Amino acid sequence: GRGVFTVEQLEQAELGVLRTVEYRLHEPTAAHYLPSYLTATSSSVGVVAGGGCGCHGCRCPRCLLRPLAAYLAEFGLACASSPAWPAALHAAAATLLAARLLRV
């Protein structure tokens, strides 16, 4: 009858919707934007691709930029007003603060 679907028809319709939205079922978070901002910041301060100065794990400011920015972005989530922040702004602020703290 009208409005009755089989389980298979429902699953196919659901897959069609998921493909249309490219399986993106959530709002972007700061974590989505952070890699782009870190890449832009890193290239301006001479950090090699993948992060750091190329020495593989030293404690220099260039090597600490990526983990510090990620920490600051996550730490910012503890703020009660963080849900109101645009995710791109949250990531930009974490990147800028990390760069300023490390003086890179």
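Colleague: How much space lies in the largest pocket?

Modeller: In this predicted model, the largest pocket holds about 220 Å³ of space.

Colleague: Why is this space called a pocket and not a cavity?

Modeller: The two terms part at the question of escape: in a cavity a 1.4 Å probe fits but cannot get out, whereas a pocket is an open set of points, so the term pocket marks open space.

Colleague: Which residues lie nearest the centre of the largest pocket, and which helices supply its lining?

Modeller: Of the 14 lining residues, Thr 29, Ala 30, Ala 31, Leu 77 and His 90 lie nearest the centre. At least two residues of the lining come from each of helix H2 (30-44), helix H3 (61-76) and helix H4 (87-102). By class, the lining has 10 nonpolar residues, 3 polar and 1 charged.

Colleague: Why is H2 called oblique to H4?

Modeller: The axes of H2 and H4 cross at roughly 40° and come within 8 Å. An angle under 35 degrees would count as roughly parallel and one of 65 to 115 as roughly perpendicular; H2 is therefore oblique to H4. The crossing of these two helices is right-handed.

Colleague: Which residues make the contact of H2 with H4?

Modeller: H2 brings Ala 30, Tyr 33, Leu 34, Tyr 37, Leu 38 and Thr 41, and H4 brings Ala 87, Ala 88, His 90, Ala 91, Ala 92, Thr 95 and Ala 99. This contact divides into 10 nonpolar residues, 3 polar and no charged.

Colleague: What makes H3 and H4 oblique to each other?

Modeller: H3 and H4 pack at an angle of about 135°, and their axes are 8 Å apart. Angles over 145 degrees count as roughly antiparallel and those from 65 to 115 as roughly perpendicular; H3 and H4 are therefore oblique to each other. Their crossing is right-handed.

Colleague: Which residues of H3 and H4 meet?

Modeller: Pro 61, Leu 64, Leu 65, Leu 68, Ala 69, Leu 72, Ala 73 and Gly 76 of H3 meet His 90, Ala 94, Thr 95, Leu 97, Ala 98, Ala 99, Leu 101 and Leu 102 of H4. The classes here are 13 nonpolar, 3 polar and no charged.

Colleague: What makes the contact of H2 with H3 include 1 charged residue?

Modeller: Leu 34, Leu 38, Thr 41 and Ser 42 of H2 meet Leu 65, Arg 66, Ala 69, Ala 70 and Ala 73 of H3. Arg counts as charged, so Arg 66 is that residue; the rest of the contact is 6 nonpolar and 2 polar. The axes of H2 and H3 come within 11 Å and cross at roughly 145°, in a right-handed crossing.

Terms used. Residues numbered from 1 in each chain as written. Predicted model: local features only at pLDDT ≥ 70, side-chain atom pairs only at ≥ 80, totals over all residues. Heavy atoms only, no water. 1 Å grid on protein atoms, 1.4 Å probe; cavity = no way out; pocket = protein on both sides within 12 Å on 5 of 7 lines; lining within 4 Å. Points joined across faces, edges and corners; volume = space filled by probe spheres on them. Helix = DSSP H or I, 4+ residues; strand = E, 2+ residues; numbered from the N terminus. Axes fitted to C-alpha atoms, helices over the stretch in contact; angles between N-to-C directions. Left-handed = near helix turned anticlockwise from the far one by under 90°. Contact = heavy atoms within 4.5 Å.
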